[in-house]
Amino acid sequence: MRLRLAAGGPAALKVLAAAQAAAAPVRLSWGGPAEQPLSPLCPPWVPTLELDSGTVLFSPNAICQYFFLASGEEPTDLTNQWLEWEATELQPAVLAALYAQLVQEKKGVEAVAALGKSLTYIDHSLSRKGTAYLAGDAKSVADVVVWGALFPVLQDDSRLPDELKALRTWFQSMSLSEACRKAADSVLVPKGLLEFKSYLQKQPPPCLAMERPTSNEPEEEEASERALTEEEITAAADAWARGAAALPKPWQPQKPVLPVEGMRNILITSALPYVNNVPHLGNIIGCVLSADVFARYCRLRNWNTLYVCGTDEYGTATETKAMEEGLTPQEICDKYNAIHTDIYRWFNISFDYFGRTTTPQQTTIAQDIFQRLLARGFLVQDTMEQLRCEGCQRFLADRFVEGICPYCSYEEARGDQCDKCGKLINAVELKRPQCKLCRGIPVVRPTQHLFLDLPKLEERLELWLEQSWTKGDWTPNARYITRSWIRDGLKPRCITRDLKWGTPVPLDGFRDKVFYVWFDAPIGYLSITANYTDQWERWWKNPQQVELYNFMAKDNVPFHSVVFPCSLLGADDNYTLVNHLIATEYLNYEDGKFSKSRGVGVFGDMAKDTGIPADIWRFYLLYLRPEGQDSAFSWSDLMLKNNSELLNNLGNFINRAGMFVCKFFGGTVPAMVLTPDDKRLLARVTLELRQYHQLLEKVRIRDALRCILSISRHGNQYIQVNEPWKRIKGDEEDRRRAGTVTGVAVNMASLLAVMAQPYMPGVSAAIQAQLCIPPDCFVLGHDFTCTLPAGHRVGTVSPLFQKLEHDQVEALRKRFGGGQPEDLTLVPQAKLIPPTSGSHPAPALGTPLAPSDPQLIQELVEQVAKQGNHVRQLKASKAEKVLVDTEVAKLLELKKQLALAEGKSPEVPVPKGKRKK
């Protein structure tokens, strides 16, 4: 394997030291940031390791861990915790200190000020454990990684405060070791340091994560392990002691849901899906699922919330589909509306009302807005040059024309908008246009149409936008797209079309025309609400009391931020305009795009046939929600996230907490006597809960999900450190400690049930049923309280998640990869609450695959290490043989997946047993 390093790069130090400490057989090469990287994903100054299989690793910690794993030293839970702490806490502080030294030329104590808390933390850990090294009495990968991060800043121990004696001793020992000394001599050469200084000078000053305010800007995840204050710990203990009484009482709105004076009234819409298109995973996460998470969160906060959506049913596409299937347009709409309804019901989308646009209310409201615009002089008549296909004998709707974009030369631009540059287009502006129906060349013909006079409304629009952007939360892409459209100058926008299937235009001379879909469709939000309640105006003509959230993908932004607001502003009837416009980027499928015609990707009507429960789909789509940039669905990553984050992290913690209550305490929550460590845990969980609130209030849905997983990780560590299964067998004090740990853990599980409800409502309901959580506790406060007090009885506890097997996922990958038969045999994950672990048959050994992505390999390395440590702990505690064998089988399976990901043959060794003499 080949290791490439940049001299002077701080990360190179720990990687080279790890290679030498583990005696890794690497071919070393030196380069600089300007050279061509081994992978296009590699940022400058980051070491890269090219394995013999061709796979490239470029995470420094993953490379270090790989070296030690290859030498036969499997990391423990403690080393994994140190590596995670180094990556999330220490590295940002080190970068700030390096910037202070090299760029700002600070000296002495001032130069290492950013490291203060981190150095104290290391010293405290070493002193408390009384060990020579971070993870025990022997040097480990954690020592090399942490030392490698610190040494470029400290160089020697003279910069360490005198009182940090344990840290000083450890740092001296590491610096004098042969592997570290040689690495420092090789990496920290003057020329390389000058190059790195030059690089730093071009970067903005580092800002530590804990100093950043929560905003809607896409930023790195805030570090959760900041130091706690005594005030926070005391406040957390006080809130815990108040119990369920500290929670607000759950509030149920009247039916139909209407605005309430004095309450926060939240109106939520998701972009209306076009009725003919079966939604794929990207459509679902971009609109209805994201809005559903936020709506569920709002209800848990006792905010008066109405969530409406429906199918957009008018337009040429419906007429064409009807001709294809030999049905009327209304029959087509009825058919596909039912398909949409069924899909969203399966995904557990909690609409208050899911309607459609082909209703009398749509006609009434759209025509009223039109008449008000006409009366106020915001509509103009003009002759429009329009493309007509002589072969089809019809004027072509914009979306049925394709050609070359006149702005960016994208070759597949639609007649209304370019998907590449985002600019709105008139179809006649396209170069080399083609009819999408017959592939004929359309001709330009004149026709009279009505236009919304956007230039006349521009001043009103900009004034409103300034107010909305100041008070509301618009995603950065929504602001950018809106600014770019206004910057180019608003032009009159045609609002009529030469079609039959649509809302009729109520004006002489235009009665043979209908409203253009992008004038008509957003009015569907109003008419759908009007079908829900005849008091719809209390929502839509009440901006003083109502907050409006629009959810959509970025291609819909101009119509919701410019065209529709202009229609309502011009109508001048006190309409509720959007306060918060939430737009996602695009979700791609593996290495390409979703395509129903080519059979590529998972569409909504197919997801339930995979055997994977709806909540797993919801979790994974929300985990990779494209908030700041495009993201891609990956079957391998779905399997990994299910097995690691859900099964081994969240599910493992909740199941253990509940099982301890049942097994050790007869199903009754034991008495709890909190220690200082317990109170610190309460404070830590409270911080995560409050961060969860801050993120969701800014609609940063993906980032808030990490807070749930972080709490369960804290819970798993808490259980692992305190070992209640051992203490329950000890003296009275040990048994009391086991009771406290179990009681705190099961209350953490109760909190997670509520926090997870917006993301996985089925799983949340299962936890609520298993732990018998009182309904009055199913509400979100800002403090972690004891909702399951001593004496509370839990129900039957069973696993929440089921492992996804490699063969199962590979079958699904082939099935949805295009051009493959769809009747492949699948291993269903049929039930939300699966059989207990160990009941799965061992999968057959696979054949070597092409090398997978480095992130997958890194995560598999970490999973192997974690499971290996778990097996060792089971053996050390003399657990039952059947349990040990089950966990060993899981370890072997993970090692097989790692081998396959690296492109190797998965030669899994047979578990060792005692030899007969």
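Colleague: In what order do the 4 strands of the open sheet stand?

Modeller: Strands of a sheet pair through backbone hydrogen bonds, either parallel or antiparallel. Here the order is β9-β8-β13-β14, with antiparallel pairing. A strand is a DSSP run of E with at least two residues, numbered from the N terminus, and two strands pair if DSSP finds at least two bridges between them. This is a predicted model, where local features need pLDDT of at least 70, side-chain atom pairs count only at pLDDT 80 or more, and totals for chains, interfaces and linings use all residues. Residues are numbered from 1 along each chain as its sequence is written, and side-chain values use heavy atoms, leaving out hydrogens and water.

Colleague: Why is one side of β9 and of β14 left without a neighbour in the sheet?

Modeller: β9 (394-395) and β14 (493-494) stand at the edges with a single partner strand each, so one side of each has no neighbour in the sheet. Strand β8 (residues 379-389) pairs with β9 over 2 bridges, and Cys-389 stands opposite Arg-394 in β9.

Colleague: Thanks! Which residues touch the most other members of the largest nonpolar core?

Modeller: A nonpolar core is a set of buried Ala, Val, Leu, Ile, Met, Phe, Trp, Tyr and Cys residues joined through side-chain atoms within 4.5 Å; buried means under 20% relative accessible area with a 1.4 Å probe, protein chains only. Among the 186 residues of this core, they are Ile-268, Ile-369, Trp-617, Trp-635, Tyr-692 and Tyr-759. A second, separate core of 56 residues includes Leu-3 and Val-144.

Colleague: How much of the chain is buried?

Modeller: Buried residues make up 56% of its 917 residues.

Notes: Buried < 20%, exposed > 50% of the residue type's maximum accessible area, 1.4 Å probe, protein only.
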